[in-house]
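Here is a quick tour for anyone opening this one for the first time. Have a look at the structure, then read on.

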Amino acid sequence: MAALLKVENLRIELTTRDGIAPVIDDLSLELNAGETLSFVGESGCGKSMTALAIMGLLPDKVGRVASGTIMFDGEDLAKASDARLREIRGNDISMIFQEPMTSLNPVYTIGEQIAEVLRRHQNMDQAAARSRALELLDAVRIPNPKSRVDDYPHQMSGGQRQRVMIAIALACEPKILIADEPTTALDVTVQAQIFDLLRDLGKETGTAIILITHDMGAVAEMAERMIVMYAGRKAEEGPVDQIIEHPRHPYTKGLISCVPHLVAQLSDDRPELTEVRGIVPSLMDFGRDECLFSSRCERADDKCRSSRPTEMKFKNDQHSACWQAKEL
Amino acid sequence: MSEQQEFLEKARSPFSEAFEMFRKNHAAMAGLVVLLLIVLGGFLGPYLYVGDPFEMVWAPTTPPGEEGYFLGTDYLGRDMVSMLIYGARVSIAIGLSAALLTVFIGITVGALAGFYKGWVEEVLMRITEFFQVLPTLLFSMVIVALFGASLPMITLAIGLVSWPAVARITRSEFLRIRELEYVTAARACGVTNSKLIFTVILPNALPPIIVQAALMVGSAILFEAGLSFLGLTDPNIISWGQIIGSNRPYILDASYTVTIPGVAIFVTVLAISLVGDGLNDALNPKLRQR
Amino acid sequence: MVILTTILQRIFYAVMLLIAVLVLNFSMLHLAPGDIADTIAQASGGADADVMEQIRRDYGLDQPFFVQLGQYIGKVLSFDLGHSFFYNQPVTTLILEKVPATLLLVITAQIFALVVGVLLGVFSARNPNGMLSHFVTFVALLGYAAPVFWTGILLLIAFSLNIQLFPSGGMIDVTVEGGFFAQTWDLLKHMVLPVVTLSTIFLALYSRLCRASMMEVLGTDYIRTAKAKGLSENEIIYKHALKNSLSPVVTLAGIQFSAVISGAVLVEAVFSWPGLGSLALQSIIARDTPTILGILFFSALVVIVGNLITDMILRMIDPRVGSKG
């Protein structure tokens, strides 16, 4: 089966004060219909940039797709016109964001904000859009939708607002839903509910989900496959269970060991909580011909510091961009 | 000793940095130069260009350039150049003193309200709101009408109606700064309230107040021009607005008598606002980072 | 219910403000040099014994200060602002005669400044480095620095004396014959220059603020959401961004209400517009104190009502305004 979304050799350049930086460098990935794929990595690794590029929402005049293709349903989104992208956005591909508190327009009712996207893409009239909005509110498990549909965002909690965002995103039954850190700003108890909701609705509607997160725990629960990104490059890719069991990249290994319960039973002696030392290199160093993780890696040798690792393939399509992947 | 020096240099650096920023701002520097020229013209002018602004020197409404009168004469045959020079002194004097008064009242009210909070703030801010409800020009017209139109009274009138803006800014700065750690630290050390207000909080609250004060000079000049345009000024004093007001009936024959003093007011106030914008950019640390 | 109580609260507060204006008026009368009767009677030459007697009775000058004050407030609250000895008419009648002209000028100028200012602000925010954006910055400087009466005279010279497009002053031409339409057309022609003059200052303020707030709104998360929904640029700007960026502009317009009235005094003087400002100027020259104080009171009333209306509009634009308290 052909992939629903196929990104090949994507390079995104960002114009900064100090010059042009490749925030995404030679990234390829595939997303199949109905599957859940997760992008993992620290902040500033290019996860959100990739998502914005797929949506055609790179910041005006600052970011642009320099090369590569984003094939969706046989159409290259990197070359699509603005008008065509507007037809796709919110309809075939939709997105929810990290900040539910500020992502809804404060001066319109939530009912209107859901109905709007239906009128835009589904040619519904006012009444039909409104009754569908009520159904959607019910679907995202907002109690008593009839009394809430005319509420303004400030009358709702953060979790409820994110549910409304999900209702907006799923209103047109998109083929792909991109969820960019959807629970980071929420309470822990609410986080689990939102993840449950996303997983259930994704299954019901057959929507493929790209889950962007830095939370390995969420990945383990939600996704079938994952892509670990580091400094604008793919570090590792493969089935979630397999990677957690046997990561082939020191960065992945570091991320996993930050979450102790992933690797150990609660009753076991727990190893000390670790962190990945150091920080992501600065944007201006993103283009260098080396392993960008080498400055933080205990195993780094001269080869790592002098040439960019090529991808090594393992069983079940696990890939790792590390010179020492085999030894790991 | 060297440590102390280093500390002092660091303490001074924000201001030198602001000065650098200001110097690089061409519009603000141009405004400053124009402003200095106007001040110099107002105070040295009478020595360079001898002439009595009240004296009829030639036929009324002689157009500029004719008979050696560079800017012509007004409806009473007075030399426009002398009048403008004389008017500059009045505008600048009133602008500065009214702005000073405005800032003094505004800082006092704003500082007390922002520092003590509670009922003090409530009362003072209600008073401030009250003054914002009165149309400023009408209010000062009433003051001048009831208490006479001398220069000090005009200054007082302008000061009395303009301070609420300064008070609001001062208050919000005080409310913000009083919660900062160094104020708490000073308080914990037993620093008295008056010392806290004047030596700890006020110096840090000054940047936006300075900017507002600069703009106040401009609006005071406009204010005075408005009052004297209406004829509500000391009849023995010539000011730019008064020249416009008194020549207003003769614009059909001599529009320059109205145009030229207007340009003088416009250029002065524009220069002040450019300087104000420059100060704002230079003193506002948020903008400086851009 | 909540809305009703807030409205009642606002009205109560407005009445308190008005009473404060009266206290100020009365105190200024007391502080002015000379006996109150002298101050008030200066219009009629000050010497007429009957008039002096009437003033003393009117203001109860034999009573203590606070009793006098109370009586004064009581009279004003029953719409009696005193008697103008210069015009020999009740002040209330005098003022009510002039109010429509001033309100017409002030409200038209505010609306004109708001509409044009917001449009300029929106257009320039969409292209922050374009020509229009620089034009807005330029107009903002002009509007701030040019004395409004000077702008008025320049427009008068240009469009009334040189190119005889508009009448040079007044509000209506009594010689105009014809029905309602002809008279309205005449009124409109008289309005153009005063309204444009008065608008310039505020137009500058509003366009600059609208530009800034629009640019801020365009960077918010909910605009990103609107883009992610696939809405068109016009829907994003005029539906989602505009309503949000209007709040600060409307707030400023409310604050500027008293400044608009101050400006109107000067504009009325330039264009001989028969409103409150002209009346104020005449009564000051005639030293007609009751009328002057009456006008100050009335203009404060207009400002307060203007603020109340602004408040209502803000609540309509932004549902958060009421609920935050």
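## A helix tucked inside chain A

Let's start in chain A of this predicted model. Helix α1 (residues 47–55) of chain A has 7 of its 9 residues buried, so the helix is largely enclosed by the rest of the structure. Those buried residues are A:Lys47, A:Met49, A:Thr50, A:Leu52, A:Ala53, A:Ile54 and A:Met55. Just past the end of α1(A) comes A:Gly56, with a positive phi of about 70°.

## The sheet in chain A

Chain A also has an open sheet of 8 strands, and the pairing is mixed. Reading across, the order is β6-β7-β8-β3-β9-β10-β12-β11. On average, neighbouring strands here are turned by 20° against each other, ignoring direction.

What does α1(A) pack on? The helix lies on this sheet, where it touches β3 (36–40), β6, β7 (176–180), β8 (208–213) and β9 (225–230) of chain A. The direction of α1(A) makes about 145° with that of β7(A). Elsewhere in the sheet, β10 (residues 233–239) and β12 (residues 318–320) of chain A pair in the antiparallel sense over 2 bridges. A:Glu237 has A:His319 in β12(A) as its bridge partner.

Of the 325 residues in chain C, 42% count as buried. Looking at contacts in chain C with a separation of 6 or more, 70% link residues 24 or more positions apart.

## Chain C has two partners

Over on the chain A side, 19 residues of chain C are in contact with 25 residues of chain A. Helices α9 (221–228), α10 (233–255) and α14 (320–324) of chain C each supply at least two residues there, and α9(C) gives the most, with 6. The residues of chain C that touch chain A divide into 5 nonpolar, 7 polar and 7 charged. As for chains A and B, they do not touch, and their nearest C-alpha atoms are 10 Å apart.

## Nonpolar cores

The largest nonpolar core has 153 residues, and B:Leu138, B:Val142, C:Tyr206 and C:Ala280 have the most contacts inside it. Apart from that core lies another, of 94 residues, which includes A:Val149, A:Ala167, A:Ala218 and A:Tyr251.

What does B:Leu138 contact, leaving aside its neighbours within four places in sequence? The list is C:Ile261, C:Ser262, C:Val265, C:Ala280, C:Ile295, C:Leu296 and C:Ser299.

## Confidence

Chain C has a mean pLDDT of 84, with 92% of its residues at 70 or more. The model as a whole scores ipTM 0.86 and pTM 0.83. Where pLDDT is low, the predicted coordinates should not be read in detail.

Methods. Residues numbered from 1 in each chain as written. Chains lettered and ligands numbered in written order. Predicted model: local features only at pLDDT ≥ 70, side-chain atom pairs only at ≥ 80, totals over all residues. Buried ≥ 20, exposed ≤ 12 C-beta atoms within 10 Å, placed from the backbone. Helix = DSSP H or I, 4+ residues; strand = E, 2+ residues; numbered from the N terminus. Contact = placed C-beta atoms within 7 Å. Nonpolar A, V, L, I, M, F, W, Y, C, P; charged D, E, K, R; others polar. pLDDT = per-residue confidence, 0-100. Core = buried A, V, L, I, M, F, W, Y, C linked by C-beta atoms within 7 Å. Pairing = 2+ DSSP bridges. Axes fitted to C-alpha atoms, helices over the stretch in contact; angles between N-to-C directions.
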